[in-house]
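Visitor: I have a protein model to look at today. Could you walk me through it?

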Amino acid sequence: MQATVGGRRSHMDARKEGLPWRPRFSAQHPQLRVGLGLLPFFLACAVYLLAQSSTDQPSRASALLKSLPVLYLAGFLGTAHPGGGYRSLLQGALLCSAVGDACLVWPEAFLHGMAAFGLAQLLYLRAFGLAPLKAGLLPPVLLVAAPYFGFLLPHLPPHLVWPLLAYSTALAAMLWRALARGGSARWGALLFLLSDAVLAWNTFFHPLPHGHLLVMTTYYPAQMLIALSAFQSPRLKSH
């Protein structure tokens with residue numbers, strides 16, 4: 001076997017040895033590997049947003065296109081190393097979110113969609129854990145979430161008050177734990193809260209110009225940033 005330069009087998013070395021040559025981007029440039037792996041996610045987001053702009057009619061096709069970016073993230077997490085319980089919980093949350101995305105295409109399935117997203121928040125909450133506790137981060141979260149819910153309360157249909165209160169509680173708890181964890185999960189959770197706040201305003205208070213576009217262009221990056229936390233070094237998660 002011929003010597004390699006700097007401990008690496010070159011393209012020519014591999015050809016002389018009759019072995020397949022593979023670029024070592026994954027080992028040497030993990031950020032590049034992750035970035036390239038996200039290209040189908042961005043493509044799926046673009047396809048849905050472009051398709052949605054041309055039709056407002058609920059359909060199975062629109063439900064599939066809406067769910068596809070999040071479904072891709074769930075599959076993409078399978079490449080995260082190490083795997084373990086954290087990755088599995090994120091995948092479960094993403095799958096629940098995809099079900100919620102599909103349900104919310106049909107207004108009559110709103111409660112089903114909210115239930116699916118509520119389960120997703122609980123799975124995220126379980127993934128982020130309670131260590132470090134950082135209890136000081138909870139009051140600011142409540143100071144934002146509670147007044148906003150109180151503002152929306154007079155505009156909510158009576159049958160949705162308690163389900164939305166339960167969901168809002170789960171979302172606020174998830175945000176608290178994501179802020180305590182740090183890293184990209186923190187920014188993803190903040191975007192998730194923003195997306196849901198815009199959705200609630202647009203649905204129950206006053207329709208916004210391009211409201212659905214605002215919801216989705218904050219929602220998809222939120223899910224992506226939370227998913228990316230599985231690729232980060234554990235030592236970064238509390239910074």
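This is a predicted model: local features need pLDDT of at least 70, side-chain atom pairs count only at pLDDT 80 or more; totals for chains, interfaces and linings use all residues.

Visitor: How many helices and strands are in the protein chain?
Guide: Helices (H or I, at least four residues) and strands (E, at least two) are DSSP runs, numbered from the N terminus. Along the sequence, the pattern reads α-α-α-α-α-α-α-α-α-α-α. The count is 11 helices and zero strands.

Visitor: What share of the residues counts as buried?
Guide: Buried means under 20% relative accessible area, exposed over 50%, and partly exposed in between (1.4 Å probe, protein chains only). The chain has 239 residues. The buried share is 38%.

Visitor: What should helix H5 span, and how far apart are its end C-alpha atoms?
Guide: H5 covers residues 60–76, which is 17 residues. The expected span is 1.5 Å times one less than the number of residues, so H5 should span 24 Å. The end C-alpha atoms agree with that, at 23 Å apart.

Visitor: Where in H5 is the kink?
Guide: A bend is the angle between axes fitted to the seven residues ending at a residue and the seven starting there. In H5 the kink is about 40° and comes shortly before the proline Pro-69. Pro-69 is among the buried residues of H5. The kink lies at Leu-68.

Visitor: Is His-112 buried or exposed?
Guide: His-112 sits in helix H7, residues 110–128. Its relative accessibility is 55%. Therefore His-112 counts as exposed.

Visitor: How are H10 and H11 oriented to each other?
Guide: Two packed helices are described by the angle between their axes and the distance between the axes. Axes are lines fitted to C-alpha atoms, for helices over the stretch in contact, and angles run from 0 to 180 degrees between N-to-C directions. H10 (residues 183–205) and H11 (residues 211–228) pack at about 160°, with axes 7 Å apart. Angles over 145 degrees count as roughly antiparallel (under 35 roughly parallel, 65 to 115 roughly perpendicular, the rest oblique), so H10 and H11 are roughly antiparallel.

Visitor: Which residues of H10 does H7 meet?
Guide: Contact means heavy atoms within 4.5 Å. The axes of H7 and H10 come within 13 Å and cross at roughly 160°. From H7, the residues involved are Phe-110, Phe-117, Gln-121, Tyr-124 and Phe-128. In H10 they meet Ala-185, Phe-192 and Phe-204.

Visitor: Which peptide bond is cis?
Guide: Look at the loop between H7 and helix H8 (138–152), where Pro-132 has its place. Omega is near -5° for the bond in question. The cis bond runs from Ala-131 to Pro-132.

Visitor: What is phi of Lys-134?
Guide: Lys-134 also lies in the loop between H7 and H8. With a relative accessible area of 35%, Lys-134 is partly exposed. Its phi is positive, in a residue other than glycine, and is near 50°.

Visitor: Is His-210 buried or exposed?
Guide: His-210 is in the loop between H10 and H11. It is not a glycine, yet its phi is positive, at about 55°. Its relative accessibility is 63%, so His-210 counts as exposed.

Notes: Residues are numbered from 1 along each chain as its sequence is written. Side-chain values use heavy atoms; hydrogens and water are left out.
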